[in-house]
Structure formats: structure tokens, C-alpha cells
Amino acid sequence: MSRIVMGRADLLALVAGFVFAVVIALPMPAGSAQAAAALMLIIMIGWIAWQDLRTFTIPDGALVSLALTGASLRLSQALDLPHEVLAIAIDALLCGGALLAIREGYHRWKGVDGLGFGDVKLAAACGVLVGVTGFAHALLAASALGIALVLALSLRRGAVAIERLPFGALLAPACGIVWILSSLA
């Protein structure tokens, strides 16, 4: 099991997420909340992708901030707050639980970790942001891109077998794109 490790950047992201959650709750001109959310999401998604590409880890502070941003947006647009709180919790559990089941099943089958626990936490945060249906679209897009990337790299002359792929670096931007597209609809 992975433990949560927070550095200064994680704590800064956590504070930013909480501040943003409070700001979203305040009355704002139309579109201001969406614009602020888009900026916050771009920063957090960029950080997640960058760190996963470099170190195969996903920063916990960015994940919490991503989830807080998603929850704030959903709650600010909700007509029935208790129902939306329950829907957010269910979305997080289903999305995170789906990748946890895949992670555990693969580990039992092959004896190695196929997904990191950061990817599971990212799935839960993305579930909060885009819901189960949006997450399914993002997961499909990230998986297809990952397969295409591995195939393209393996077809190069002198290619070596790819043993690891930073899946969070594909999944986080895919969730961001799904959020943008759903916001435009």
C-alpha cells in the first residue's frame, strides 16, 4: 500500500485547492468560476503529467486540489446539495474502485504492479471532476493513446521493450479535456 507523502509543493497545492473551493462558493459573474477552474485544472493537470513523466509518481497535493476543484464546481451548480454530495462520493468510489480492482487483479495475475496507487487516486479525483461517464471517456482516450504510443515506439528501428508507461501523464490530460468538452456543451 502506498503512503501519502507531502512536500512543500503538495501543501501549496492543497492550500490553493481549499482557497479555490471557498472562492467558488462565493457569488461570481457568469463564467468567472469556470475560467478560474480551468486555470487551476491546467496547473494541476500539468503538474501531475510532468511529475509522472519524470518520476512515475503523482503528487498527492495536486490530486486533492483536482478533487476539490471538481467538487466545488459540481456543488456550485447543484440544485440538490445532499444528492450532489452523494453523487460525487459515488463517482469517486466507482472510478477509483475500478482502477483499484484492475490494479489488484493484474497484481494477482502477474505478480507485479501494472498500475501505481497514484493512478488509482487520480481516477478517484477525476471521478469527482467529470463523473463516471466522463471518466469512462477519459479512460478510453488515455488507454488508446497509451497503446498507440507503445506501438509507435516499438516500431522504431532498434526499439527496446517498454516496461513502464506513466499512465497518469495520459489520464490526467484526458480528464481535463473531457471536463472542457463537457463545460462547452
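Helices are DSSP runs of H or I with at least four residues, numbered from the N terminus. The structure is a predicted model, in which local features need pLDDT of at least 70, side-chain atom pairs count only at pLDDT 80 or more, and totals for chains, interfaces and linings use all residues. Residues are numbered from 1 along each chain as its sequence is written, and side-chain values use heavy atoms, with hydrogens and water left out.

Phe-167 lies in the loop between H5 and helix H6 (168-184). Phe-167 is buried, with a relative accessible area of 12%, where buried means under 20% relative accessible area (exposed over 50%, partly exposed in between; 1.4 Å probe, protein chains only). Apart from neighbours within four places in sequence, Phe-167 is in contact (heavy atoms within 4.5 Å) with Asp-52, Leu-115, Asp-119, Leu-139, Ala-142 and Ser-143. Ala-49 is 118 residues from Phe-167 in sequence, yet the C-alpha atoms of the two are 8.8 Å apart in space.

Asp-119 and Leu-139 in H5 also take part in the contact with H4, where the H4 residues include Ile-88, Leu-99 and Arg-103. The crossing of H4 and H5 is right-handed, meaning that the near helix is turned clockwise from the far one by less than a right angle.

Helix H3 (residues 60-76) has 17 residues, of which 14 are buried.

How values were computed. Helices (H or I, at least four residues) and strands (E, at least two) are DSSP runs, numbered from the N terminus. The expected span of a helix is 1.5 Å times one less than its number of residues.
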